[in-house]
Amino acid sequence: MKRTYEIKGMTCNGCRGHVEDALLNVAGVADVSVDLKNAEATVESQFEVPLENLQKALENNGGQYKIQPKNKVGQT
């Protein structure tokens with residue numbers, strides 16, 4: 001499954017790399033693509049990965065990043 005999340009707190013390519021590395025180390029995550037310009041990460045996983053696990057990985061990696069589901073057009 002593939003989900004896109006908004007990432008707050010990224011300011012440079014170093015940040016992008018930290019976010020990518022942290023999310024790749026979460027159990028069940030198969031691939032991560034981070035877009036610095038759009039401040040989002042697309043996460044491919046083998047199963048539903050709780051948002052809390054993704055946030056915890058970002059906190060444990062020493063960053064002050066926040067992750068939240070990306071609102072899709074037409075959804076509230």
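1. A helix crossing counts as left-handed if the near helix is turned anticlockwise from the far one by less than a right angle, and as right-handed if clockwise. By that rule, H1 passes H2 in a right-handed crossing. Helices (H or I, at least four residues) and strands (E, at least two) are DSSP runs, numbered from the N terminus.

2. On provenance: this is a predicted model, in which local features need pLDDT of at least 70, side-chain atom pairs count only at pLDDT 80 or more, and totals for chains, interfaces and linings use all residues. Residues are numbered from 1 along each chain as its sequence is written, and side-chain values use heavy atoms, with hydrogens and water left out.

3. The helix pair. H1 spans residues 13-24 and H2 residues 51-60. Their axes come within 9 Å and cross at roughly 125°. Axes here are lines fitted to C-alpha atoms, for helices over the stretch in contact, with angles running from 0 to 180 degrees between N-to-C directions. H1 and H2 are therefore oblique to each other; angles under 35 degrees count as roughly parallel, over 145 as roughly antiparallel, 65 to 115 as roughly perpendicular and the rest as oblique. From H1, Val19, Ala22 and Leu23 meet Leu54, Ala57 and Leu58 of H2 (contact: heavy atoms within 4.5 Å).

4. The cysteines. The whole structure holds zero disulfides (cut-off: a pair of cysteine sulfur atoms within 2.5 Å). Cys12 is in no disulfide, and its nearest cysteine sulfur, that of Cys15, is 3.7 Å away. Cys15 is likewise in no disulfide. Cys12 is partly exposed at 36% relative accessible area, while Cys15 is buried at 9%. Buried means under 20%, exposed over 50%, partly exposed in between (1.4 Å probe, protein chains only).

5. Ala39. This residue sits in the loop between strand S2 (29-35) and S3. Ala39 is not a glycine, yet has a positive phi of about 55°. Most residues other than glycine have a negative phi. Ala39 counts as partly exposed, at 25% relative accessibility.

6. Glu40. This residue lies in strand S3 (residues 40-45). Glu40 counts as buried because its relative accessibility is 18%. The Glu40 side chain makes a polar contact with that of Lys70, at 3.2 Å. Such a contact is a pair of N or O atoms within 3.5 Å; within protein, one must be able to donate a hydrogen and the other to accept it, and residues adjacent in sequence count only if both atoms are side-chain atoms. Beyond four places in sequence, the contacts of Glu40 include Tyr5, Ile7, Met10 and Val34.
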